[in-house]
Amino acid sequence: ALLLTKALSECLFFFDVTFTTVPRMESPNSGIVVPLRFVCTTFHLIAVICGLYLIPEVAPGSLALQYTPEDYAWVCSSLVAALLLTMACILLCGVGFLIGLSMFNEPCSVVQSACHFLGGLGLCVSTYHAGHHVRVWQLLALGVLPLLAEVGNGLYVVRSPIIRFCSPP
């Protein structure tokens, strides 16, 4: 291994290749951010699945005392649409997390953990109290915000090597 390291360093010196590393600041809580993000994302996903399961009990909370079957169907379809969009955002964030796109980006993970926790908690409270279906659409923002952070981080990760490759020496 020592011989291989020496040969590699001489080869890199011959081709004038230098690697610069940016010193990474380790925060005292960096070891807990990744598991916390996974748990909060899973919690939000479970809350969405429970919300989908409980739509028949939640939908009458958005309606007047005397409602028609058309009103009930409209509220149910609105709840299904909001919850499925939230689930799609969570799953896309989960894919980006699991492929390592933003797994170790600590600020991104903290923002996503907070949004997923608050979104899951809001869905649980809204489902438990049979809240209005508009509240579920408002809570969709807590599913979209982490997705925007994930996409922004992904664009930065993909764009960085292109900029380094195309920039003049």
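1. V111 sits in helix α5; helices here are DSSP runs of H or I with at least four residues, and strands are E runs of at least two, numbered from the N terminus. V111 counts as partly exposed because its relative accessibility is 38%, where buried means under 20% relative accessible area, exposed means over 50%, and partly exposed lies in between (1.4 Å probe, protein chains only).

2. A caution on the source: this is a predicted model, in which local features need pLDDT of at least 70 and side-chain atom pairs count only at pLDDT 80 or more, while totals for chains, interfaces and linings use all residues. Residues are numbered from 1 along each chain as its sequence is written, and side-chain values use heavy atoms, with hydrogens and water left out.

3. V111 also belongs to a nonpolar surface patch of about 310 Å², together with V144, L145 and L148. Helix α7 supplies the largest share of this patch, three residues. Patch members have over 30% relative accessible area and no salt bridge; nonpolar side chains (Val, Leu, Ile, Met, Phe, Trp, Tyr) are joined within 5 Å, like charges within 9 Å. The areas come from the Shrake-Rupley method with a 1.4 Å probe, and for residues only the protein chains shown count as cover.

4. The count of salt bridges comes to one, the term being a side-chain nitrogen of Lys or Arg within 4 Å of a carboxyl oxygen of Asp or Glu. The partners are E150 and R37, at 2.7 Å from N to O. Since E150 lies in helix α7 (residues 141-166) and R37 in helix α2, the pair ties together parts that are 113 residues apart in sequence. Both ends are buried: E150 has a relative accessible area of 4%, and R37 has 0%.

5. The whole structure holds three aromatic pairs. Rings of Phe, Tyr and Trp (its six-membered ring) pair if their centres lie within 6.5 Å; planes under 30 degrees apart are stacked, over 60 edge-to-face, and the rest tilted. One of the pairs, F43 with F117, is tilted, with 6.0 Å centre to centre and 35 degrees between the planes. F43 lies in helix α2 (residues 30-53) and F117 in helix α5 (residues 106-128), so this pair ties together parts 74 residues apart in sequence. F43 is partly exposed at 26% relative accessibility, and F117 is partly exposed at 40%.

6. T41 is another residue of helix α2. T41 is buried, with a relative accessible area of 14%. Leaving aside residues up to four places away in sequence, T41 touches I90 and H116; contact means heavy atoms within 4.5 Å.

7. Y156, in helix α7, counts as exposed at 53% relative accessibility. Y156 and L101 are 55 residues apart in sequence, and their C-alpha atoms are 10.0 Å apart in space.

8. On the cysteines, a search of the whole structure finds zero disulfides, a disulfide being a pair of cysteine sulfur atoms within 2.5 Å. For C93, the nearest cysteine sulfur is that of C89, 6.8 Å away. C93 is buried, with a relative accessible area of 1%. C124 is in no disulfide either, and the nearest cysteine sulfur, that of C50, is 6.9 Å away. C124 counts as partly exposed at 36% relative accessibility.
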